[in-house]
Every structure is written in C-alpha cells, then in structure tokens.
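Thanks for passing this one along. Here is a short note to read beside the model.

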Amino acid sequence: MRALLIILLLAMLAAGYFAYSAMAVEGEPIPTEGYVALALGAGFSVIVGVGLMVLLFFSSRRGYDEPPHFK
C-alpha cells in the first residue's frame with residue numbers, strides 16, 4: 001500500500017512538472033480574444049454546473065429520486 005501511495009505521489013509530481021513546463025513556454029502572449037473565449041467558456045461551464053446541481057436539488061426535494069413502489 002505504501003508503494004502505491006509513493007507511485008501515486010510521484011505521478012502527481014510528474015504531472016505538475018509537465019503542466020508547469022507546458023505553461024512556461026516562451027512565445028507570443030494570448031490575444032484579447034483568447035482571454036474573452038477563456039472567460040466565456042469558464043463562465044458557461046460554471047453556469048451549466050450550477051444549473052445541474054439546482055436540478056439535482058429540486059429532484060431530490062420533490063421525491064423524483066425515490067425508488068418506484070410497485071403494487
């Protein structure tokens with residue numbers, strides 16, 4: 001179990017290193033349109049996530065998630 005934990009932590013460390021090295025590449029900065037697209041995509045994702053959680057909450061409150069009762 002300890003070996004699995006060490007392997008998992010090393011894999012996370014390697015993933016963090018590769019993510020950092022990918023972001024540290026020099027080049028042209030992101031244009032304004034890129035930041036707008038990023039903001040719109042993130043905002044849309046948050047709205048969809050919140051909407052789905054609201055539907056889940058109301059579904060649970062109204063009893064739609066209860067198992068069927070056959071007679």
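The points below go from the overall fold to one pair of side chains.

1. Please keep in mind that this is a predicted model. Its secondary structure is quickly told: the protein has two helices and zero strands. The radius of gyration is 22 Å, whereas the globule rule gives 11 Å for 71 residues, so the protein is more spread out than a compact globule.

2. The outline can also be put in terms of the principal axes, along which the C-alpha trace spans about 65 × 45 × 15 Å.

3. How much of the protein is buried? Of its 71 residues, 1% count as buried. The accessible surface comes to about 7,100 Å², and carbon and sulfur atoms account for 73% of that surface.

4. On charge, the protein carries 4 positive and 5 negative side chains. The centres of these two sets lie 28 Å apart.

5. Now to the aromatic side chains: searching the whole structure turns up two aromatic pairs. One of them joins Phe 57 and Phe 58, and why is this pair edge-to-face? The ring planes stand at 65°, and planes over 60 degrees apart count as edge-to-face. The ring centres of Phe 57 and Phe 58 are 5.7 Å apart, which is within the 6.5 Å cut-off for a pair.

Key:
Residues are numbered from 1 along each chain as its sequence is written. This is a predicted model: local features need pLDDT of at least 70, side-chain atom pairs count only at pLDDT 80 or more; totals for chains, interfaces and linings use all residues. Side-chain values use heavy atoms; hydrogens and water are left out. Helices (H or I, at least four residues) and strands (E, at least two) are DSSP runs, numbered from the N terminus. The radius of gyration is taken over C-alpha atoms; the globule rule is 2.2 Å times the number of residues to the power 0.38. Buried means under 20% relative accessible area, exposed over 50%, partly exposed in between (1.4 Å probe, protein chains only). Accessible areas come from the Shrake-Rupley method with a 1.4 Å probe; for residues, only the protein chains shown count as cover. Lys and Arg count as positive and Asp and Glu as negative; His and the chain ends are not counted. The place of a charge is taken as NZ of Lys, CZ of Arg, CG of Asp or CD of Glu. Rings of Phe, Tyr and Trp (its six-membered ring) pair if their centres lie within 6.5 Å; planes under 30 degrees apart count as stacked, over 60 as edge-to-face and the rest as tilted.
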